[in-house]
Amino acid sequence: MSSVAAKDRAATAAPAAEAPVPPRQRMGRERREWLAAGLFLAPDALGLLIFVGIPMVLSIVLSFFQVSGFGSYEWVGLGNYERMMNDPLFWDSMKVTGLYVVILVPVLFCVSLALGILVKQKLPGMGIYRTALFLPYVISLIVVGVLWKFLLDEQVGAVNRSLRALGFEGESWLGDPTLALGCVIAVMVWVMMGYYMIIFLAGLQEIPQEYYEAAKIDGAGPWTTFRTITWPLLRPTSFFVLLMSTVAAITGGLDLVFALTNGGPANGTSLAIFYIYQQAFGFGEYGYASAMGSFLVLIMVICSAVIFRFTRGGRFDDGE
């Protein structure tokens, strides 16, 4: 009986611990995981290298040369950067770009967030509204510029016609430097708000619904719910939108400005990227344009670093 009991105890005893994985086998598995990760990342890394990294390096190298449209290169050292520092038109374009960024980014952020919260509601036909708001983003900026140039025309534009029908005087929307820049900003918000709306919507849908139900039970109003639940949990998404919209504002807008105002009137909408385009493809000053482009990239990197610093990489005022 004792031998049978011993066998039963042995059968019901806890199984022995699994044998440790041999170091050679473990290293082989880690190597395979690294290889798989490298293969997945290779297409993006190769694309960044070919279409971003190499052109940036070549642009920096080109900025030290005086390049003619006929392919001749003359070493000028820091001559192009010296010329840039003494070019009032370039600094005027930087001022316009600064004003453009300071107005566009907060307005675009707030409008996109508000739309994201709005289209999150479960209402009939909400899919149609989301599609309609996102649709301008998929249209070419050249087409958008031509369309709005027609709508904002002082004489025959639909906007001024509507104002006159209501008893107001029409405005020279694209003929006044201040109004023209405001129109460029408004059109860019109209184009981009659908894209960032979708990003905010994705972030909002990641917030557990139980938090809102608990807040409702506690009697929290809409503003309290937004301040204590939505905004804190939406910080990583907000950081992404803020960073990407700032980079897009500094380096983008060329197509829209080219089609809508062509940098006018009186260079009132001549963004830095547009001025660089003019120097390169209008006057054949490729070396000088490369110097200004390198400087603009440096400004973009500094702005990105500042955003990282003050938002703590998406945590904003959290110290953790």
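1. Lining of the largest pocket. By class, this lining holds 13 nonpolar, five polar and no charged residues. Here Ala, Val, Leu, Ile, Met, Phe, Trp, Tyr, Cys and Pro count as nonpolar, Asp, Glu, Lys and Arg as charged, and the others, Gly among them, as polar. The model is predicted: local features need pLDDT of at least 70, side-chain atom pairs count only at pLDDT 80 or more, and totals for chains, interfaces and linings use all residues. Residues are numbered from 1 along each chain as its sequence is written, and side-chain values use heavy atoms, with hydrogens and water left out.

2. Where that pocket sits. Its volume is about 470 Å³. The lining has 18 residues, and Ser 59, Ile 273, Gly 293, Ser 294 and Val 297 lie nearest the centre. Two or more lining residues come from each of H2, helix H13 (272-282) and helix H14 (286-311). H14 gives the most, with eight residues. A pocket is an open set of points on a 1 Å grid over the protein atoms alone, where a 1.4 Å probe fits, with protein on both sides within 12 Å along at least five of seven lines; lining residues have an atom within 4 Å of a point. Grid points are joined across faces, edges and corners, and a volume is the space filled by probe spheres set on the points. Helices are DSSP runs (H or I, at least four residues), numbered from the N terminus.

3. The second largest pocket. About 390 Å³ of space lies in this one. It is lined by 13 residues, with Ile 117, Lys 120, Gln 121, Tyr 212 and Thr 230 nearest its centre. Helix H8 (177-205), helix H9 (209-217) and helix H10 (222-233) each supply at least two lining residues. H10 gives the most, with four. By class, the lining divides into five nonpolar, five polar and three charged residues.

4. Leu 46, Leu 48, Leu 49, Ile 50, Phe 51, Val 52, Ile 54, Met 56 and Leu 58 make a patch of about 880 Å². Patch residues have over 30% relative accessible area and no salt bridge; nonpolar side chains (Val, Leu, Ile, Met, Phe, Trp, Tyr) are joined within 5 Å, like charges within 9 Å. Areas come from the Shrake-Rupley method with a 1.4 Å probe; for residues, only the protein chains shown count as cover. Val 52 belongs to helix H2 (residues 23-62). Val 52 is partly exposed because its relative accessible area is 37%. Buried means under 20%, exposed over 50%, and partly exposed in between (1.4 Å probe, protein chains only).

5. The salt bridge. The count comes to one. Glu 285 and Arg 83 meet through their side chains, at 3.3 Å from N to O. The pair links distant parts of the chain, 202 residues apart: Glu 285 is in the loop between H13 and H14, and Arg 83 is in helix H3 (residues 79-85). The rule asks for a side-chain nitrogen of Lys or Arg within 4 Å of a carboxyl oxygen of Asp or Glu. Side chains of opposite charge can pair when their charged atoms come close. Glu 285 counts as buried, because its relative accessibility is 18%. Arg 83, at 34%, counts as partly exposed.

6. Backbone points to check by eye. Most residues other than glycine have a negative phi, and most peptide bonds are trans. Gly 264 and Pro 265 are joined by a cis peptide bond, with omega about -5°. Pro 265 lies in the loop between helix H12 (254-260) and H13. Asn 262 is not a glycine, yet its phi is positive, about 55°. It sits in the loop between H12 and H13. Asn 262 is partly exposed, with 47% relative accessible area. Asn 267 also is not a glycine and has a positive phi, about 60°. Asn 267 is placed in the loop between H12 and H13. At 42% relative accessibility, Asn 267 counts as partly exposed.

7. A contact across the sequence. Leu 243 is part of helix H11 (residues 235-251). At 13% relative accessible area, Leu 243 is buried. Leu 243 and Val 105 are 138 residues apart in sequence, but 9.4 Å apart in space, C-alpha to C-alpha.
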